[in-house]
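Here are my notes on the structure you sent. Please read them with the sequence and the 3D view open.

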Amino acid sequence: MKSVIVVGAGIWGSSLALRLAETGWRVTLVEQHKPGHVRQSSAGETRLLRCAHGADDWYARLAWQARDGWRRLGERAGEELYLEAGMVWFAGTPDGWEHASATVLKNLDIPCEVLDPADGGRFFPGFRGDDLSFLLWEPHAGVIRARRATQVTAALARAAGARPVRARATPVAGGAAAVEIDGEVHRADRVVWACGAWLPALFDGLPITVTKQDTLHFAAPPAWSVPETPAWVDHGASAYGHGDVDGVGMKATSDAEGAPYEPEHGPRVVDAVSVERARSYLARRFPGLAQAPVLFSQVCQYALTPDAEWLLAEVSPGVWLLGGDSGHGFKHAPALAGYVAGVLDGAYGPEPRFGLHDRVPSRGLRTSGRVG
Ligand SMILES: Cc1cc2nc3c(=O)[nH]c(=O)nc-3n(C[C@H](O)[C@H](O)[C@H](O)COP(=O)(O)OP(=O)(O)OC[C@H]3O[C@@H](n4cnc5c(N)ncnc54)[C@H](O)[C@@H]3O)c2cc1C
């Protein structure tokens with residue numbers, strides 16, 4: 001039986017542990033806190049699932065596969081983890097990111113529809129879209145109950161035989177396929193460091209920058225609820241959100257990259273400037289919500305690579321780094337786990353795009369049109 005130690009029980013590590021445990025691997029899942037703990041990126045109340053990725057079709061395909069994965073996971077857990085409310089993209093130009101996305105989605109037969117900005121009122125009360133060229137409607141996009149999904153995935157991994165260990169692991173000198181926990185070395189055929197924003201502190205020289213990201217939910221009238229109100233993204237304005245899920249309020253937040261951040265000890269308090277930025281966006285796009293009180297807020301962090309492509313690299317025999325999710329990794333987790341399992345099995349090599357080469361700065365994969 002092949003053995004693997006997965007370090008990190010965020011959604012990437014937990015999904016991988018589940019997949020490997022169900023396909024005959026002996027799995028140990030090491031996590032320093034509890035799965036779903038609020039410092040991890042996977043513990044946001046919600047995360048969006050969208051297939052549009054600009055001109056890229058690899059991630060679009062993976063997201064479409066992941067949608068099935070979330071639905072199956074929800075059925076297994078007996079919980080609605082994925083709320084398929086749809087998503088509206090607000091396109092500021094006729095031939096920009098959203099146009100490229102629409103072309104890819106159509107080529108892949110992933111349903112989408114180009115709408116007139118005036119149709120925005122059908123989805124969002126008081127919508128103002130007179131500055132927009134068109135809307136792109138993705139009916140099968142939606143919202144994942146992220147923190148809950150992470151806890152459920154970790155629990156399913158345990159039930160499938162993955163052995164949970166609550167500890168902080170460190171790499172061993174010399175690059176062996178092993179981890180050190182409290183002075184003791186544990187070996188396996190493969191070790192996967194799925195440590196999110198903690199990864200750059202564990203391995204030198206990684207192309208990953210960690211930034212503080214504030215998310216905000218506002219008190220809004222009942223019409224602003226998922227699934228009646230869909231998710232939305234304004235790529236040009238680096239803003240996104242969705243209707244209320246579970247009573248925490250309508251989400252409206254900036255996707256612009258925040259200040260450098262340390263995930264273990266960084267303050268978990270949102271900045272006043274984030275509230276101002278979200279409010280000014282609401283005033284412009286959804287004027288009826290300009291004065292809506294903040295109901296709930298969370299601080300999280302991005303683990304960004306320069307080009308927003310992920311990192312999946314073998315740094316010494318059997319030792320793999322899995323990270324650099326760049327703020328767009330949650331939705332893909334069930335499908336990504338299957339892909340990474342194939343790499344660990346030796347069925348195929350990782351995409352060259354995930355390597356440790358010098359990366360050319362780009363944000364084409366993110367929901368933010370801004371670089372830096
Ligand atoms: C504000 C915000 C909004 C986002 N929106 C979206 C979205 O809409 N859609 C989307 O798809 N994605 C989104 N993302 C990205 C998504 O949340 C991440 O891609 C995903 O959660 C990454 O999961 P992970 O498992 O890699 O990392 P994490 O969830 O951070 O997990 C890493 C885990 O490793 C553990 N760990 C670290 N070091 C050690 C160690 N030495 N020993 C033991 N354990 C260790 C940590 O405790 C942690 O639990 C968003 C992210 C943020 C911050």
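This is a predicted model: local features need pLDDT of at least 70, side-chain atom pairs count only at pLDDT 80 or more; totals for chains, interfaces and linings use all residues.

1. The open sheet. Six strands make up an open sheet with mixed pairing. Their order is β9-β2-β1-β13-β20-β19. The edges are β9 (163–166) and β19 (311–316). Each has a single partner strand, so one side of each is left without a neighbour in the sheet. Neighbouring strands here are turned by 20° against each other on average, direction ignored.

2. How is β19 joined to β20 (residues 319–323)? The two strands run antiparallel, with 5 bridges between them.

3. Helix α1 spans residues 11–22. It lies across β1 (3–7), β2 (26–31), β13 (190–193) and β20. Against β2, α1 runs at about 165°.

4. A buried strand. Why call β7 (residues 134–138) largely enclosed? Because 5 of its 5 residues are buried, that is, under 20% relative accessible area. F134, L136 and E138 point one way from the strand. L135 and W137 point the other way. Note that E138 and W137 are both among the buried residues.

5. Partners of β7. Strand β5 (residues 87–91) runs antiparallel to β7 and is joined to it by 5 bridges. In that pair, M87 stands opposite E138. Strand β6 (residues 113–115) also runs antiparallel to β7, with 3 bridges. There, E113 stands opposite W137.

6. The ligand shell. There are 35 residues around the ligand. Which come nearest? They are E31, Q40, S42, L48 and D325. Several elements supply at least two shell residues each: α1, β2, β3 (46–49), β14 (209–218) and β18 (294–304). β18 gives the most, with 3 residues.

7. Look at the ligand oxygen atoms. One is 2.8 Å from an N or O atom in the side chain of Q32. The backbone takes part too: an N or O atom of the G329 backbone lies 3.0 Å from a ligand oxygen. For F330, a polar backbone atom is 3.0 Å from an oxygen atom of the ligand. Taken alone, the ligand exposes 1000 Å², and the protein buries 98% of that.

Methods: Residues are numbered from 1 along each chain as its sequence is written. Side-chain values use heavy atoms; hydrogens and water are left out. Two strands pair if DSSP finds at least two bridges between them. Helices (H or I, at least four residues) and strands (E, at least two) are DSSP runs, numbered from the N terminus. Axes are lines fitted to C-alpha atoms, for helices over the stretch in contact, and angles run from 0 to 180 degrees between N-to-C directions. Contact means heavy atoms within 4.5 Å. Buried means under 20% relative accessible area, exposed over 50%, partly exposed in between (1.4 Å probe, protein chains only). A residue is near a molecule or strand if one of its heavy atoms lies within 4 Å of it. A polar contact is a pair of N or O atoms within 3.5 Å; within protein, one must be able to donate a hydrogen and the other to accept it, and residues adjacent in sequence count only if both atoms are side-chain atoms. Accessible areas come from the Shrake-Rupley method with a 1.4 Å probe; for residues, only the protein chains shown count as cover.
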